[in-house]
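Reader: I have a structure open on my screen and would like to talk it through with you. Could we begin with how the chains meet, and then move on to the charged side chains?

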Number of protein chains: 2
Amino acid sequence: MIAEDYMQPEFTYIDGGVCAPQGFSASGVHCGIRKNRSKADLALIVSRTRCATAAVYTTNKVQGAPLAVTRAHIADGYSQAVLCNSGNANTCNPNGETLARACCDLLGDALHIPANDVVIASTGVIGQPLPLEPFARGIPAAVAALAATPAAALAAAEAVMTTDTYAKTQALEFTLDGKPCRLGIITKGSGMIHPNMATMLTFITSDVAIAPTLLQRALSEEVKDSLNQISIDGDTSTNDMAVILANGAAGNAEIRDDGAAYQTFRAALHRLCAWAAREIARDGEGATKLLHCRVRGARSPEVARSVAKSIIASDLFKAAMFGADANWGRVLCAVGYTTGDFSANNIALTLQSAAGAVKVCEHSAYHPFSEDEAAKVLAEKEIEILLDMHDGEAQAQAWGCDLTYDYVKINGDYRS
Amino acid sequence: MIAEDYMQPEFTYIDGGVCAPQGFSASGVHCGIRKNRSKADLALIVSRTRCATAAVYTTNKVQGAPLAVTRAHIADGYSQAVLCNSGNANTCNPNGETLARACCDLLGDALHIPANDVVIASTGVIGQPLPLEPFARGIPAAVAALAATPAAALAAAEAVMTTDTYAKTQALEFTLDGKPCRLGIITKGSGMIHPNMATMLTFITSDVAIAPTLLQRALSEEVKDSLNQISIDGDTSTNDMAVILANGAAGNAEIRDDGAAYQTFRAALHRLCAWAAREIARDGEGATKLLHCRVRGARSPEVARSVAKSIIASDLFKAAMFGADANWGRVLCAVGYTTGDFSANNIALTLQSAAGAVKVCEHSAYHPFSEDEAAKVLAEKEIEILLDMHDGEAQAQAWGCDLTYDYVKINGDYRS
């Protein structure tokens, strides 16, 4: 129902993940932070040359040590490598920043690049002591394993997983100045997901030539419409970070203003980040259903985003979706506690899936529908919640998942 | 750890619920809104004389029709009766206000009082058509059943229950001007509970003589520290309402300023509302544990309240408590996404229950503790989360419950 302006045919998904853009290699190894030796826990992404680099971070006031180090390292707008461990968030550790810097030193030495060209990230349990020893062993192994192949990109994606049930990696190709350009991405969920100006962990590579300030602008704009529009459980993590590295190897004229080339890059970035948002939601902890909310007719983009996110973040609505119960009053309730100035008096709501579409509410009141038909629509694995506020022209989307027994099970005993 | 200034020995819990204050009678009957005939669905509370009346309401932008009618009826500061049905929220019904006014007319006629001295409330499913017919039958029956007895107060408390597993009714006695005075309360949960400037449904009676403006001030102040400090699921209802009726039958000198008598009344009101907050949390949908968070050392009362509520509202922390997992990093994470200006660098955290106390965090970092001992503490039914921010002098409390399989089960199929 909402025009996906950005879904232009000239964008083609390709293989290779973060290694699809020219000049990038990657690896994933087991270094011993996790006890399970079959689970990789250290990911590395390296560019042949320095990259324009931009990032957005969690707004949580308690932040992981790696975020402070990364902020300092990319203050000049450039970096060349990304190092990320899973199994320990390196958050609420007294020696966290010292440790993160020591890891960057080790990697800089191994790659013969300055330590302050390393982006560092961590994900896992908060407040667990983290020694340097696994990194001392793992960093040389990760460097030795670097390869510019789809398999290497997948290995890196697997190494950042926590409760994710599958690795999330994608790439796409588009054209600038007649040159083929590429974007590659690794992203992960799957609990403590309610990003606020950033998302869990997302690493994006590109061979586009672009000035760091415009790269930052593109990423900061983009997350509002995709990575910040996800919620699994309403818990904003301490370690959320999305970072993009662009090394210019595609040979396009460096993007220095917001003209046509910037708009094309922006559109390609949106397509990839919307893909990531959808995958994070689909693989939410314990999820059996993907919930995709599209709001239109809102007074402003801010209201549209806020309403869409409020709906997919409602525990009550998420539990109703688990039960395939068309309890649309819970959608209206969630709209009502959204912040912002708007009218909630003329809302229309349709639930849609591969099994059909059922209008359940019009003029903010009951619209007669068949419960049997609704149950059929809601039995599918992907549910669209189509809400028209009839209050303006703005649109937005948000992605979430149902609330299930397994979410409770996973989080009742996550540490063990 | 936090001084309960209000827990003064001169307050004594007594029997009688909302009928404990002089001049109040109550009843609860089955009128047919619910299909289950063994479940009462219409509650009535009546005072012999007109009462100073104050109320606070949900901030949800989608509001139940009864709220608009009640707002209008108590605009003059007075009322004489409260009518509340369960089984249908009378929200998102095109004829909702007309119906609510018709109910007040019926009750006014039956009691020989003006219809605009009736407070009306509804709780149940949103967006379900609601006919007048059950009220036409039920209101005369409820009036006929009125009695000034503990059994009648209990019947009224039972008639407002939805997914509550037990009726929540209480009363206490205190002294003003040498006269014994009383406060009685009915409150209910137990899902869609994340009140914002009001709570689900709470009806308070008193025989104190007090001016309506001071009664409103007392209630508005009080809910900040008790009824607004609960969260079951983060969903702010469309029908939240707390209302207090004071008929002056105790014979104290009418409270007209915020002197000693006001302070005593305020303290008694706090004790009763804190009791209600605790009971609503204990009986949260699917709950197996009561979570009571006490924050001290905060920069301001606002920060203290916000931090306490953020902790007990975190799905991740609630699931960890269900699993008796001392995953304290989730508490720090929840503190971090609290709004407001504060330092999160010197937090100490202790988990406490009838089985003992375990300090798990100091200076916002891991504090060595025995996992076995922590598991024993968390196996109890009532858990205290004691958090010292070392950032100021302010204190606050909040009440919640664990997130369980049963919460998901109840809400996956609430309507049927």
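Reader: How many residues of chain A are in contact with chain B?
Author: This is a predicted model, and in it 54 residues of chain A are in contact with 54 residues of chain B.

Reader: And what area is buried between chain A and chain B?
Author: The area buried between the two chains is about 4,300 Å², and carbon and sulfur atoms give 58% of that area.

Reader: Which elements of chain A give two or more residues to the side that touches chain B?
Author: They are α8 (315-322), α9 (329-336), β14 (365-366) and α11 (405-412) of chain A. The largest share comes from α11(A), which gives six residues to the side of chain A that touches chain B.

Reader: By class, what residues does that side of chain A have?
Author: The side of chain A that touches chain B has 24 nonpolar, 19 polar and eleven charged residues.

Reader: With charged residues there, how many salt bridges are counted between chain A and chain B?
Author: The count between chain A and chain B is zero salt bridges, whereas 20 residue pairs are found in polar contact across the interface, with both residues of each pair at pLDDT 80 or more.

Reader: What rotation superposes chain A on chain B?
Author: A rotation of 180° does so, with 0.0 Å of shift along its axis and an RMSD of 0.0 Å. That is the relation of a two-fold axis.

Reader: Which residue of chain A comes closest to the rotation axis?
Author: Tyr405(A) does, with its C-alpha at 2.5 Å from the axis.

Reader: Changing topic, how many salt bridges does a search of the whole structure find?
Author: The search finds 48 salt bridges over all chains. One of them joins Lys168(A) and Asp164(A), with the closest N and O atoms 2.8 Å apart.

Reader: Is Lys168(A) buried or exposed?
Author: Lys168(A) is buried, at a relative accessible area of 1%, and Asp164(A) is buried as well, at 7%.

Reader: Which residue does Lys168(B) meet in a salt bridge?
Author: In chain B, the side chain of Lys168(B) meets that of Asp283(B) in a salt bridge of 2.7 Å, N to O. This pair links distant parts of the chain, 115 residues apart, since Lys168(B) is in strand β6 (residues 168-176) and Asp283(B) is in the loop between α6 (260-282) and β11 (290-298) of chain B. Asp283(B) is buried, with 5% relative accessible area.

Reader: What does the salt bridge of Arg296(A) and Asp388(A) tie together?
Author: The closest N and O atoms of Arg296(A) and Asp388(A) are 3.1 Å apart. Arg296(A) lies in strand β11 (residues 290-298) and Asp388(A) in strand β15 (residues 382-388) of chain A, so the pair ties together parts that are 92 residues apart in sequence. Arg296(A) counts as partly exposed at 30% relative accessibility, whereas Asp388(A) is buried at 12%.

Reader: Lastly, which residues are linked with Arg266(A) in a network of salt bridges?
Author: The network links Arg266(A) with Arg217(A), Glu221(A), Glu222(A) and Asp258(A). Arg266(A) is found in helix α6 (residues 260-282) of chain A, counts as buried at 4% relative accessibility, and has a side-chain polar contact of 2.8 Å with Glu222(A).

Definitions and conventions. Residues are numbered from 1 along each chain as its sequence is written. Chains are lettered from A and ligands numbered from 1 in the order in which they are written. This is a predicted model: local features need pLDDT of at least 70, side-chain atom pairs count only at pLDDT 80 or more; totals for chains, interfaces and linings use all residues. Side-chain values use heavy atoms; hydrogens and water are left out. Contact means heavy atoms within 4.5 Å. Buried area is the accessible area (1.4 Å probe) that two parts lose on being put together, summed over both. A salt bridge is a side-chain nitrogen of Lys or Arg within 4 Å of a carboxyl oxygen of Asp or Glu. A polar contact is a pair of N or O atoms within 3.5 Å; within protein, one must be able to donate a hydrogen and the other to accept it, and residues adjacent in sequence count only if both atoms are side-chain atoms. Helices (H or I, at least four residues) and strands (E, at least two) are DSSP runs, numbered from the N terminus. Ala, Val, Leu, Ile, Met, Phe, Trp, Tyr, Cys and Pro count as nonpolar, Asp, Glu, Lys and Arg as charged, and the others, Gly among them, as polar. Copies are superposed by least squares on the C-alpha atoms of residues with pLDDT of at least 70 in both. Buried means under 20% relative accessible area, exposed over 50%, partly exposed in between (1.4 Å probe, protein chains only).
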